[in-house]
Amino acid sequence: AAYPTEKTSDAFYHLALIGALPKRKGLLKAIELLHILKESDKRYCLHVPGKRPEEFPNTKNVEEEWNYYQEVYTTIKRYHLEDSVFFDGWVDVSAFLKNIGYVLSLSDPKQPESFHVTPFEGLASNAMALALPWEGIEYLYPKVCRTASIQDMANRILYYNQNPEQRTNDIQSAREYVIHNYDISLIWAQIHSLLKGEYNEKPFD
């Protein structure tokens with residue numbers, strides 16, 4: 001899909017965690033991040049497209065999962081974030097990203113997702129992708145997208161919004177990394193070589 005690269009005027013105050021189920025996606029960490037940011041600027045908000053936990057019967061059937069999301073809702077109320085967290089439901093991602101400045105990856109480091117492609121979709125739309133560390137992330141994400149902690153991620157966002165030129169440079173650097181490593185022509189060439197028995201592993205840059 002093609003992604004619009006022009007942003008709305010306030011996009012860089014809008015964060016997105018695209019898909020928040022199961023709990024290892026890290027929604028509670030996104031709430032904590034938003035809380036830190038809003039202490040500096042009340043304009044920040046969080047978007048959570050996709051289904052809510054109560055829409056999945058299996059979530060209620062797994063006590064650990066259900067309790068986690070109850071804690072999420074309790075934390076939203078405790079921090080008075082009811083007007084700053086948007087559960088958007090189904091979205092057309094390419095259109096949705098026009099309004100988003102930061103796409104987050106907050107996976108549990110002990111139970112990470114296999115790849116988590118949505119931050120790369122964010123980069124395709126000229127949003128910044130930011131991720132917490134998990135085992136193997138250094139092989140998939142450029143260094144500029146990786147942050148050590150929620151506080152570090154918040155500091156980076158606040159810095160970027162004071163230094164938009166640096167943010168633009170880092171987005172471009174990350175986009176070039178993705179093109180250099182994941183462009184469809186490269187992936188297809190590697191698959192073709194593998195099928196022919198000629199594949200030589202290409203180290204990621």
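**Close-up views of a predicted model**

The structure, a predicted model, holds three salt bridges.

**View 1. A salt bridge joins Lys 23 and Glu 64.** The side chains of the two residues meet with N and O 3.3 Å apart. Lys 23 lies in the loop between strand S1 (14–16) and H1, whereas Glu 64 belongs to helix H3, so the pair ties together parts that are 41 residues apart in sequence. Glu 64 is exposed, its relative accessible area being 56%.

**View 2. Arg 43 forms a salt bridge with Asp 41.** The closest N and O atoms of this pair are 2.8 Å apart. Asp 41 is buried, with a relative accessible area of 18%.

**View 3. Glu 54 and Arg 52 meet in a salt bridge.** The N to O distance between their side chains is 3.0 Å. Glu 54 is partly exposed at 35% relative accessible area, and Arg 52 is also partly exposed, at 30%.

**View 4. The largest nonpolar core has 49 residues.** Leu 27, Leu 46 and Leu 104 have the most contacts inside this core. Among the elements that each supply at least two residues are strand S2 (45–49), helix H3 (63–78) and helix H6 (150–162). H1 gives the most, with eight residues. The residues touched by Leu 104 include Leu 15, Ala 30, His 116 and Met 153. A second, separate core of eight residues includes Phe 96 and Val 103.

**View 5. Helix H7 (residues 164–182) packs with helix H8 (residues 184–195).** Their axes are 6 Å apart and meet at an angle of about 25 degrees, which means that H7 is roughly parallel to H8. Ile 179, His 180, Asn 181 and Tyr 182 in H7 meet Ile 184, Leu 186 and Ile 187 in H8. By class, this contact has five nonpolar, two polar and no charged residues.

Notes:
Residues numbered from 1 in each chain as written. Predicted model: local features only at pLDDT ≥ 70, side-chain atom pairs only at ≥ 80, totals over all residues. Heavy atoms only, no water. Axes fitted to C-alpha atoms, helices over the stretch in contact; angles between N-to-C directions. Helix = DSSP H or I, 4+ residues; strand = E, 2+ residues; numbered from the N terminus. Parallel < 35°, antiparallel > 145°, perpendicular 65-115°, else oblique. Contact = heavy atoms within 4.5 Å. Nonpolar A, V, L, I, M, F, W, Y, C, P; charged D, E, K, R; others polar. Core = buried A, V, L, I, M, F, W, Y, C linked by side-chain atoms within 4.5 Å. Buried < 20%, exposed > 50% of the residue type's maximum accessible area, 1.4 Å probe, protein only. Salt bridge = Lys/Arg side-chain N within 4 Å of Asp/Glu carboxyl O. Lists of a residue's contacts leave out its neighbours within four places in sequence.
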